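Notebook open, structure on screen.

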Amino acid sequence: MKPSELIKMLESGLADTNLKKLYVTDLAVEQQKPRYIRTVKKFIEMFGDSRDVMVLSAPGRTEICGNHTDHNNGKVLAASINLDAIAVAAKNDNDVINEKSEGHGVNTVDLTDLTPRQNEYGKSASMIKGVAAGLKNEGFCIGGFDACTTSDVMGGSGLSSSAAFEVLIGNIISYLYNDGTVDAVTIAKSAQYSENVFFGKPSGLLDQMASSVGTFVTIDFESTKNPVIKKIDYDFAKSGYSLCIVDTHGNHSDLTDDYAAVRSEMEAAAVCFGKSVLREIPKEEFFSRVGELTGKVNDRAILRAVHFYNENDRVEKAVKALENNDFEAFKEIITSSGFSSYMYNQNVFTSKNPTEQKLSLALCLSQQLLQDKGAWRVHGGGFAGTIQAFVPNDFVDDYKKAMDAVFGEGSCHILIIRPVGGARVI
């Protein structure tokens, strides 16, 4: 389909069924159309109207349960969301990828040279190169293409805008050069490889896997080389709740040490038992010998280790609750996760600046508003940033109004759990 034909398809409503598979509601579909049309028009402007194009999408993700467990080989529950990165793409006759992101310049990647370079760390072009290299290493075909992309995944929100972009590139290569045969797990692993080796960020697999697989997904990282991945078929749209992410606009600067301390203190507790990470120690053994830690590690390290074990259990319980269609039990588990993160993992504010507690304030207000109604917890790494809340649909407007009044207009984002991961849309 030529780009100009695609615009007519979008404008006429003939693409609505395809879009609804991603965005769930008729209102969301209507809101998305101008964005898609704008991206197609940019493609015509940049690359012309003579070639057939595809439209692809990859979602951001939210952590549902399993706060700060993955780095000690724990369990997590995550989900894809309706915010996504989209691309209009077409093959070209060169071994070159030209990618134009909205608001940015063109990224050009020469596929004849897929060597990672340290001076390219942190650049979008290195992500593209890394995904192509990862898929080539897995035995898949790669080739040049031209693409225009845009993303509404908020940067710095803990919703993994970078993972969405990497998974998007993986899907472009899958559908343009491999007939869509690259499975979601392979795309996720290639995306993680790209981020680690080419982009220079030592991330785990959670973000890319949740984006690529889609809907609710639980991952057990006991084996980091071969994590156990399970998709949870739960129709969130029928729950009667909305997912809200509240950006508290806290100060993100100088938090590296705080994040690192969570991992290092958990690992310090594990070392006392002769292991490198907590997952290598059975829960029963840990609690039967917890007294041995006194004086060997600080008190917070013990509390964080307790959080790790109980959070792993909560992930299993949350998965069962969704599988049993028991959203009331699910809400209780999510709120319990939030309290554990606050009290034991202690990643809701930084001890460097204890008087600034915007996450604490957001959680406090959420408890006031949602007690006996919904669920609330810190979102992602913590210390600053966002909280997560599950809010009854008939109370969403009131909740948003209350949170925006404190943290500023537009701080509360109402999201949908997206039922599919990375995908070809049209």
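This is a predicted model: local features need pLDDT of at least 70, side-chain atom pairs count only at pLDDT 80 or more; totals for chains, interfaces and linings use all residues.

I started with the charges: the mean positions of the 44 positive and 55 negative ones in the protein chain lie 1 Å apart. For this, Lys and Arg are positive, Asp and Glu negative, with His and the chain ends not counted; each charge is placed at NZ of Lys, CZ of Arg, CG of Asp or CD of Glu.

Residues are numbered from 1 along each chain as its sequence is written, and side-chain values use heavy atoms, leaving out hydrogens and water.

**Overall fold.** I looked up the secondary structure and got 13 helices and twelve strands (DSSP runs, H or I of at least four residues and E of at least two, numbered from the N terminus). The radius of gyration is 22 Å, close to the 22 Å from the globule rule for 426 residues, so the protein chain is as compact as a globular protein of that length. That radius is over C-alpha atoms, and the rule is 2.2 Å times the number of residues to the power 0.38. I also noted that 54% of the 426 residues count as buried (under 20% relative accessible area; exposed is over 50%, partly exposed in between, with a 1.4 Å probe and protein chains only).

**Cores.** Next I checked the nonpolar cores, meaning sets of buried Ala, Val, Leu, Ile, Met, Phe, Trp, Tyr and Cys joined through side-chain atoms within 4.5 Å. The largest has 59 residues, and Leu-77 and Phe-216 are among those touching the most other members. Helix H5 (residues 161–177) gives the most to this core, eight residues. A second, separate core has 22 residues, including Leu-6 and Val-88.

**Single residues.** Thr-186 sits in helix H6 (residues 184–198). Is it buried or exposed? At 14% relative accessibility, Thr-186 is buried, and it touches Leu-135, Glu-138 and Phe-140, not counting residues up to four places away.

Last, I looked at phi. Most residues other than glycine have a negative phi. His-249 has a positive one of about 60°; His-249 lies in the loop between strand E8 (241–247) and helix H8 (256–271) and is partly exposed at 46%. Asp-372 also has a positive phi, near 70°, in the loop between helix H12 (358–370) and strand E9 (375–378). Asp-372 counts as exposed, at 76%.

How values were computed:
Contact means heavy atoms within 4.5 Å.
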